[in-house]
Amino acid sequence: MLLRGSGEFELQGVMDTTIDPGVEHSPLLGQLVDAVISRRWDDVAGFREECVKAMGLQETVDAIAVASAFNGITRIADATGIPLDSGPAEATASMRSELAINDFAYGEKSRKYDHVEA
């Protein structure tokens, strides 16, 4: 799938880590994003340092910012019940089907990521 002229990517790699999505440093970026979303701050620090060494400071900051922003935007949309507009719904129908995004279990996401540490 072409993403805004940025290249061809294997989107199944987003959901299945055994598939190379065609993104440079994708295993490390995946670990960093999971740590950010899970609020595992010690892990974030470690992966952040690895990312800085592998791809540079600005790219690492950008990756963390994008992961954080998308996580927040999704939570707001889900919490307020904002539906997907018809234009984006049509444009992303095959991608959402291919990745089983429509089958995503939001309750499982809450159980997995919305933990409160003492």
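Read along the sequence, the protein follows the pattern α-α-α-α-α-α-α. The model described here is predicted. It contains seven helices and zero strands. The protein has 118 residues, of which 20% count as buried. Among the contacts with a separation of 6 or more, 45% are accounted for by residues 24 or more positions apart.

In soluble globular proteins, nonpolar side chains tend to be buried together. In this model, the largest nonpolar core has 10 residues, namely Leu28, Leu29, Leu32, Ala35, Val36, Val44, Phe47, Cys51, Met55 and Ala63. At least two residues of this core are supplied by each of helix H2 (26–38) and helix H3 (41–55). H2 gives the largest share, five residues. One of the core residues is Leu29. When its neighbours within four places in sequence are left aside, Leu29 is in contact with Val23, Glu24, Met55 and Ala63.

Apart from its neighbours within four places in sequence, Ser26 is in contact with Asp20 and Pro21.

Helix H4 covers residues 57–80. At 1.5 Å a residue, its 24 residues should span 34 Å, and the end C-alpha atoms are 35 Å apart, so the two values agree. The buried residues of H4 are Thr60, Ala63, Ala67 and Asn71. An α-helix has 3.6 residues a turn, so residues three or four places apart point the same way. After H4 comes Gly81, which has a positive phi, near 75°.

The axes of H2 and H4 come within 10 Å and cross at roughly 45°. Angles under 35 degrees count as roughly parallel and those from 65 to 115 as roughly perpendicular; H2 and H4 are therefore oblique to each other. The crossing in which H2 passes H4 is right-handed. On the H2 side, the contact is made by Leu29, Leu32, Val33, Val36 and Ile37, and on the H4 side by Ala63, Ile64, Ala67, Ser68 and Asn71.

How values were computed:
Residues numbered from 1 in each chain as written. Predicted model: local features only at pLDDT ≥ 70, side-chain atom pairs only at ≥ 80, totals over all residues. Heavy atoms only, no water. Helix = DSSP H or I, 4+ residues; strand = E, 2+ residues; numbered from the N terminus. Expected span 1.5 Å × (residues − 1). Buried < 20%, exposed > 50% of the residue type's maximum accessible area, 1.4 Å probe, protein only. Core = buried A, V, L, I, M, F, W, Y, C linked by side-chain atoms within 4.5 Å. Contact = heavy atoms within 4.5 Å. Axes fitted to C-alpha atoms, helices over the stretch in contact; angles between N-to-C directions. Parallel < 35°, antiparallel > 145°, perpendicular 65-115°, else oblique. Left-handed = near helix turned anticlockwise from the far one by under 90°.
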